[in-house]
Amino acid sequence: LNSKTNPVGYPVVIEEQGYEGKAAKLVTRDARSTLAALAKAYITAGSVFTGSFEYDMLGALQPGGALKMTHFGVVYDKNPLRFKGVYKYTPGSPFIRTTDGVATETEEVDECAIQAVLYTITSEDETLDGSNIDSDDERIVARARLEDGTAKSDWTEFDLSFVWKDGATYDAGKTYKLAIICSSSKDGANFNGAANSTLI
């Protein structure tokens, strides 16, 4: 995310000093001075996920169109039990909230998001995206989500159980996709987050 007058940096970079070796460093960027602002995308949260990003310039300008460009999940043929890892998180400032296409700085404190979502598919090109990954979509059968997204100055372990929907169980005869999603701003998909919030 760069403009000629105000380079703001990449939202995902390599952190040389990871927990063991290198790590992914996700940084929420203030995009108010970039071309992204034309699409009312005033912040860009750093994110990594399993799946693909399918850029659609015209679609991005439609209401909610940017959310549909993140295609979450890869085909997964096992029964996931736990989602484990290590992270550090520092919320940034100012918090930028987007309401009705207008960006406002608030006193809110940002939080990160780390989750894994298992969902059923009927064909391999079927996917959930930013518009429905956090919904009650009937295809979603299990989720492992970090509930505490607040600041963690030291390396912090997470070990999350997959919570299955009522009545749902793993069925080896079905086809699933597993989406792992990490973001430096938990509501970044809706362009709400704090400049320089950093998840490693």
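**Exercise 1. State the strand order and the pairing sense of the five-strand open sheet, then name its edge strands.**

Solution. Step 1: the order is β1-β2-β19-β9-β15, and the pairing is antiparallel. Strands here are DSSP runs (E, at least two residues) numbered from the N terminus, and two strands pair if DSSP finds at least two bridges between them. The model is a predicted one, in which local features need pLDDT of at least 70 and side-chain atom pairs count only at pLDDT 80 or more, while totals for chains, interfaces and linings use all residues. Residues are numbered from 1 along each chain as its sequence is written, and side-chain values use heavy atoms, with hydrogens and water left out.

Step 1: β1 (12-15) and β15 each pair on one side only, which makes them the edge strands.

Step 2: β2 and β19 (residues 198-199) are joined in the antiparallel sense by two bridges. In this pair of strands, L26 stands opposite L199 of β19.

**Exercise 2. Identify the residues of the largest nonpolar core that touch the most other members.**

Solution. Step 1: a nonpolar core is a set of buried Ala, Val, Leu, Ile, Met, Phe, Trp, Tyr and Cys residues joined through side-chain atoms within 4.5 Å. Buried means under 20% relative accessible area, exposed over 50%, and partly exposed in between (1.4 Å probe, protein chains only).

Step 1: the core has 20 residues, and F83, Y87, I114, L146, F158, F162 and L199 touch the most other members. At least two residues come from each of β9, β12 (113-121), β14 (140-145), β15 and β17.

Step 2: leaving aside residues up to four places away in sequence, L146 is in contact (heavy atoms within 4.5 Å) with Y87, C112, I114, F158 and L160.

Step 3: a separate second core has nine residues, among them F72, V117, Y119 and I133.

How values were computed
Helices (H or I, at least four residues) and strands (E, at least two) are DSSP runs, numbered from the N terminus.
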